[in-house]
Amino acid sequence: MAWEECVRVRAPASSANLGSGFDAIALAHDSFYDEVEACVSPRTASTLVYLESLEGPYAIESGGATTALEAARAILERLGVGGVRVSLSVYKGVPPGRGLGSSGASAAAAAVAVSEALHRLLGTPLPGWEELVEAAGRGEAAAAGAPHYDNVAASILGGIVVVARSHGRLTVYKIKPPSGMHIALLVPGAAPGPGKTRAMRSILPRSITLGEASAYASRAALLAAALASGDLVAAGKAMMMDELVEPRRARLTPCYEEAVAAALNAGAYGASLSGAGPSIIALAGGEAAARRVADAMREAYTPCGDAVGVTARPRESPIKPL
Ligand code: HSE
């Protein structure tokens, strides 16, 4: 048996919800990425999972790698593996607290890296996509206060994902992004502070009526159908139909109205918060259009502080060891 196996994995940033698909739809994109190297070695005493190093432009701002450590523990539990030492070296390239799936990217990379390292060291079976998403989602729960699988599913599978839980079972369905799809992101320079996702979830209603649930489902279904059929115009419209989650969060997001209006004026098909915000994602057809939209959003955000306007493409390929 080898003394130690190390596996490095890169996971992309992601934008959850896309307006009308709260906790259900997300897109992986090549704007930013995290990396996790997991080193696994046998250990006769009890299992030890720890953070070896935290580096990268957002290492300090991220304040730790709780989601990655939790995802690593979840993988060990799922596989029933004990008596190992697992060290994680994390590179934080996804700005945290901006709604870009930063904690999800670390959790996704950790789940895949630890699974692969265990497989190489001990011959344990490689978990399926849904098992990986479940394990990484446990890491997310540590950060957000409740599990949500959209960001981790996008980071793990790539492309656009639809996640659904029913009768205790998670299903993840991958949609190929429309061929001409480019995105523009408005990324505020300052994050709202720790616990942002938790806070942005706490303002949402605990219960809704049947009418609201049915209206919500119809809009989310329209968004998924439009994305799956490659219709960017319909997708852009559908992402702006939410009346349940987005308006409540928009009220608390500086310069939301201004940035969304600027995106649409500059030719975006639609725009919404990226995840729980405060970043905003807009759909555009082509790189030049995405650049115009990103610049217009950044300009509109000026009264609210510093921000960058980023263009990106969907990241289509699934996560895999480097
Ligand atoms: N779907 C989650 C939410 C994503 O909107 O709370 C958080 O990044």
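## Ground rules

Buried here means under 20% relative accessible area, exposed means over 50%, and partly exposed is in between (1.4 Å probe, protein chains only). Helices (H or I, at least four residues) and strands (E, at least two) are DSSP runs, numbered from the N terminus.

We're looking at a predicted model, where local features need pLDDT of at least 70 and side-chain atom pairs count only at pLDDT 80 or more, while totals for chains, interfaces and linings use all residues. Residues are numbered from 1 along each chain as its sequence is written, and side-chain values use heavy atoms, leaving out hydrogens and water.

Start with β7, residues 181-188: eight of its eight residues are buried. Met-181, Ile-183, Leu-185 and Val-187 point one way, while His-182, Ala-184, Leu-186 and Pro-188 point the other.

Two strands count as paired if DSSP finds at least two bridges between them. β7 has an antiparallel pairing with β9 (residues 280-285) over six bridges, with Leu-185 bridged to Ile-281. β7 also pairs with β10 (residues 307-312), again antiparallel and over six bridges; there, Val-187 sits opposite Val-308.

Contact means heavy atoms within 4.5 Å, and beyond its neighbours within four places in sequence, Ser-31 is in contact with Ala-13, Leu-185, Val-310 and Ala-312. Ser-31 is buried at a relative accessible area of 16%.

## Helix α10 and a lone glutamate

In α10 (residues 256-265), the buried residues include Tyr-256, Ala-259, Val-260, Ala-262 and Ala-263. They cover an arc of only 160° around the axis, so they fall on the same side of α10; the arc is that of the directions from the helix axis to the C-beta atoms. Glu-257 and Asn-265, on the other side, are exposed. The cover over the buried residues includes β7, α9, β8 (270-273), β9 and α11 (287-301). Just past α10, Gly-267 takes a positive phi of about 105°.

Tyr-256 also touches Glu-246, which is found in helix α9 (residues 246-250). Glu-246 is buried but has no salt bridge, and its nearest side chain of opposite charge, Arg-249, is 6.6 Å away. For charge, Lys and Arg count as positive and Asp and Glu as negative, with His and the chain ends not counted.

## Salt bridges across the chain

A salt bridge needs a side-chain nitrogen of Lys or Arg within 4 Å of a carboxyl oxygen of Asp or Glu. By this rule the count is 14.

Take Asp-23 and Arg-201, whose side chains meet at 2.7 Å, N to O. Asp-23 lies in β2 and Arg-201 in helix α6 (residues 196-202), so the pair ties together parts that are 178 residues apart in sequence. Asp-23 is partly exposed at 21% relative accessibility, whereas Arg-201 is buried at 14%.

Strand β2 supplies another partner. Lys-92 and Asp-34 form a salt bridge at 2.5 Å, N to O; Lys-92 is in the loop between β4 (84-91) and α3 and Asp-34 is in β2, so this pair ties together parts 58 residues apart in sequence. Lys-92 is buried at 3% relative accessibility, and Asp-34 is buried at 0%.

Arg-138 pairs with Glu-77, their closest N and O atoms being 2.8 Å apart. That links helix α4 (residues 129-144) to helix α2 (residues 66-79), with the two residues 61 apart.
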